[in-house]
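This report describes selected packing features of the structure shown below.

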Amino acid sequence: MTDERFSSDTHRYLDGEPVDLITDDERALADRLNEAVASYARGLEVPGPEVDRAVMAVISSPARRRSFWRWFVASHVVMVRPALAAAAVIAIIAFSSLVSMRTFIGSESAREIATSGDSLRTVLVRFEVRAPGVQRVTLAGSFNGWDATAIGLTENRATGVWTVTVPLAPGEYQYLFVLDDDRWIPDPTAHAQVDDGFGQLNSVIAVGPRGVVRS
Amino acid sequence: MMRLVLLLIAIAALTPSAGYAQGVDVGEQLLARGASAAFADAVADLVATARGEGLPTDPIADKAFEGWAKRAFVAPERVLTVLAELATRLRAGRDATVTAGLDPPPGSVVAAAAEALGRGLTADQVRAVIEAAPAPEVAAVGLLTASALAAQGLETAAAVKAVEDAYRSGRPPEEVLELPSAVAGLLAQGLVPADVARHILEGGQILIPVTPARGPITDLPRPPKRPRRR
């Protein structure tokens, strides 16, 4: 913006350039303005060196000052090696399976017998059923809270026999096979079949310290 | 650092709760499995009543889970009826256990006694098994074994005597759990449960095998081999 009361030479004079064509009145006004500006500048408080040091400290170490929450919600680029990721997934699944099995084995409802304070001793029990033509076979029983989705059997396609091996603590267990999620059938090789109270039969095995002999 | 945090988050997301089967309320577990609130509340009430009477509650919870798992062909009302019957049997099992001298009765023994009563053993037979056990904490083993033998078709008197004999043989108490496997082996050889029971009641033994793969050992005469069909 240009002030109309000053000539261009007066503006040059205010900027500190040597000029001769301004009037004495203009020169006097300009000098008063310069003096007023200088007086105002002298009244300003100049920051000391400690302010510089504080600002530089913040600039030089931004990570230390950043909060965890800001880091947590911000977007990041993560480099993953597929081999290491696969190994981590396998380890996590194995760990979670172990915790899950320990949970069920530790339940008294599974009728397991803990003797001599050795409650973690288990024996491997193999379950098998011939069921050709079905898409899915699972094992549900008192050893897994009757969860019909937790223990899946693997099929030998040549024979139609589905099998799974489960670690069990010594004790007595009731169980059934579940075919295609909706057909519950007993195990013909179990030690016995008992009334489940609901009008059907449950299979029974007694797992000894050395395992199970089936008929 | 970032990778470690991501790994910990993944583990936390994938690891099932260790308290899922034990510490969590049975009603909450049923709700988590998709049961209706009315059914879960009714089961929780039964469990609370049993707990108030000092009965073991795990058998009731286990039966409730079984009933819910079989919901495709078992109505919730039927499940609740069975749970009430089980609670009654647990009371009878507790009474038999106390009468046998275990007071306060261990929950595992009460549950096993109830199971044995449900398989046809009398209260006197339950007491006999408990009294034959070398220690209170292993009485449940004998009761469950006798229950399994009865379920295999042996007379309950023979089942009880087999367990008593095994206890008195001096072998580790938990090895009585091998008896059903031994009997299964004998039945697989062609014997019938009545033969095995009579042998036991006449003083014979069902010896626990050293290794299951070698089959049961007994002084029972083996049945004659059937001629092969051609």
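## Charges over rings

Arg33(B) lies over the face of Phe65(B), 4.2 Å from the ring centre. A second case is Arg71(B), placed over the face of Trp68(B) at 4.4 Å from the ring centre. A charge is taken to sit over a ring if NZ of Lys or CZ of Arg is within 6 Å of the ring centre and within 35 degrees of the ring normal.

The model is predicted, and local features need pLDDT of at least 70, side-chain atom pairs count only at pLDDT 80 or more, and totals for chains, interfaces and linings use all residues. Residues are numbered from 1 along each chain as its sequence is written, chains are lettered from A and ligands numbered from 1 in the order in which they are written, and side-chain values use heavy atoms, with hydrogens and water left out.

## Helix H5 of chain B

Helix H5 of chain B covers residues 76-99; helices are DSSP runs (H or I, at least four residues), as are strands (E, at least two), numbered from the N terminus. At 1.5 Å a residue, its 24 residues should span 34 Å, and the end C-alpha atoms, 35 Å apart, agree with this. The expected span is 1.5 Å times one less than the number of residues. Just after H5(B), Gly101(B) takes a positive phi of about 105°.

Among the buried residues of H5(B) are Val79(B), Leu83(B), Leu86(B), Leu90(B) and Ala96(B). Buried means under 20% relative accessible area, exposed over 50%, and partly exposed in between (1.4 Å probe, protein chains only). The buried residues of H5(B) pack against helices H3 (37-52), H4 (58-69), H6 and H7 of chain B.

## Nonpolar cores

The largest nonpolar core holds 44 residues, of which Val126(B) and Leu143(B) touch the most other members. Helices H6 (107-118), H7 (123-132), H8 (139-151), H9 (156-168), H10 (179-188) and H11 (193-201) of chain B each give two or more residues to this core. H8(B) provides the largest share, nine residues. Apart from this core lies another, of 24 residues, including Leu30(B), Val43(B), Leu83(B) and Ala87(B). Such a core is a set of buried Ala, Val, Leu, Ile, Met, Phe, Trp, Tyr and Cys residues joined through side-chain atoms within 4.5 Å.

Leaving aside neighbours within four places in sequence, Val126(B) is in contact (heavy atoms within 4.5 Å) with Ala96(B), Ala113(B), Ala116(B), Leu117(B), Leu121(B) and Leu143(B).

## Aromatic pairs in chain A

Over all chains, the structure has seven aromatic pairs. Rings of Phe, Tyr and Trp (its six-membered ring) pair if their centres lie within 6.5 Å; planes under 30 degrees apart count as stacked, over 60 as edge-to-face and the rest as tilted. Phe127(A) and Phe143(A) form a tilted pair, with ring centres 5.7 Å apart and planes at 45°. Both residues, Phe127(A) and Phe143(A), are buried.

The rings of Phe127(A) and Tyr175(A) have centres 5.0 Å apart and planes at 75°, so this pair is edge-to-face. It links strand E1 and strand E6 of chain A, the two residues being 48 residues apart. Ring pairs link Phe127(A), Phe143(A), Tyr173(A), Tyr175(A) and Phe177(A) into a cluster.

## Gln174(A) between the chains

Gln174(A) is found in strand E6 (residues 171-179) of chain A and is buried, at 12% relative accessible area. Its side chain makes polar contacts with the side chains of Asn202(A) (2.9 Å) and Glu115(B) (3.2 Å). A polar contact is a pair of N or O atoms within 3.5 Å; within protein, one must be able to donate a hydrogen and the other to accept it, and residues adjacent in sequence count only if both atoms are side-chain atoms.
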